[in-house]
Amino acid sequence: MPDNWLDPLPLRSAFPRPEAPIEADIGCGKGRFLLARARRFPEVNFLGIERLLGRLRKVDRKAIRAGLSNVRLLRMEAFYATRYLIPDGAIRTYYIFFPDPWPKARHHDHRLCSAAYMDALARTLQPGGAVHVATDHLPYFEEIARTLRADRRYEEIAPFEPTDDERTDFELLYLGRAPIGRCSFRRVFSF
């Protein structure tokens, strides 16, 4: 629990290896991707951000049972966490998989991947850091990809492909039933 919800968190000191890079799973859900990735890369620190307490409790129990000391969890709305709580240049990689598409037109203002969120990502990403996005909602995918392609702070790179054990629960639900849009971008060093 932070002492202050308005200033950036001392994120590095939350991990046993503060010098290790930090990767963030936005909307980590039940943690399937986050935990698989943390097991695969023990030399990396992983931050899971999720607003639903029940989901975070499950992820926490699984991480403890697996002995994953490189995982930390933050119960917070993703936009607020990225905009206010993550320090400048603290994150090496963001994973944004299956964000809520808010499909009704009158709800589009609630979507995470907005121009304001791209600003927060750019501020908190290390130069050369990456953003990986995947969603089954293709109109939202096109909007996200278009926004990132138009932003000079990012350059498109080959899309991230998870291993079978890293696939999220949402991906497993839609795999083979609906196309999944994937894109990845690197934060350029200067713009």
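Two strands count as paired if DSSP finds at least two bridges between them. In this predicted model, β6 meets that condition with strand β7 (residues 181-187), the two pairing in the antiparallel sense over four bridges. Both strands belong to an open sheet of seven strands. The notes below cover the sheet, the helix lying across part of the sheet, and a contact between helices α3 and α4.

**Sheet**
- The strand order is β3-β2-β1-β4-β5-β7-β6, with mixed pairing.
- β3 (71-75) and β6 (154-157) are the edge strands, each of them pairing on one side only.
- On average, neighbouring strands of the sheet are turned by 20 degrees against each other, with direction ignored.
- Across from Ser-184 in β7 stands Ile-157.

**Helix on the sheet**
- Residues 138-150 form helix α5, which lies across β5 (125-135), β6 and β7.
- Relative to β7, helix α5 runs at about 20 degrees.

**Helices α3 and α4**
- Helix α3 spans residues 78-85 and helix α4 residues 115-124; their axes come within 9 Å and cross at roughly 45 degrees.
- Because of that angle, α3 is oblique to α4.
- The crossing in which α3 passes α4 is left-handed.
- On the α3 side the contact is made by Ala-78, Phe-79, Thr-82, Arg-83 and Tyr-84.
- On the α4 side the partners are Ala-116, Tyr-117, Ala-120, Leu-121, Arg-123 and Thr-124.
- Sorted by type, the residues of the contact of α3 with α4 are seven nonpolar, two polar and two charged.

Methods. Residues numbered from 1 in each chain as written. Predicted model: local features only at pLDDT ≥ 70, side-chain atom pairs only at ≥ 80, totals over all residues. Heavy atoms only, no water. Axes fitted to C-alpha atoms, helices over the stretch in contact; angles between N-to-C directions. Contact = heavy atoms within 4.5 Å. Parallel < 35°, antiparallel > 145°, perpendicular 65-115°, else oblique. Left-handed = near helix turned anticlockwise from the far one by under 90°. Nonpolar A, V, L, I, M, F, W, Y, C, P; charged D, E, K, R; others polar.
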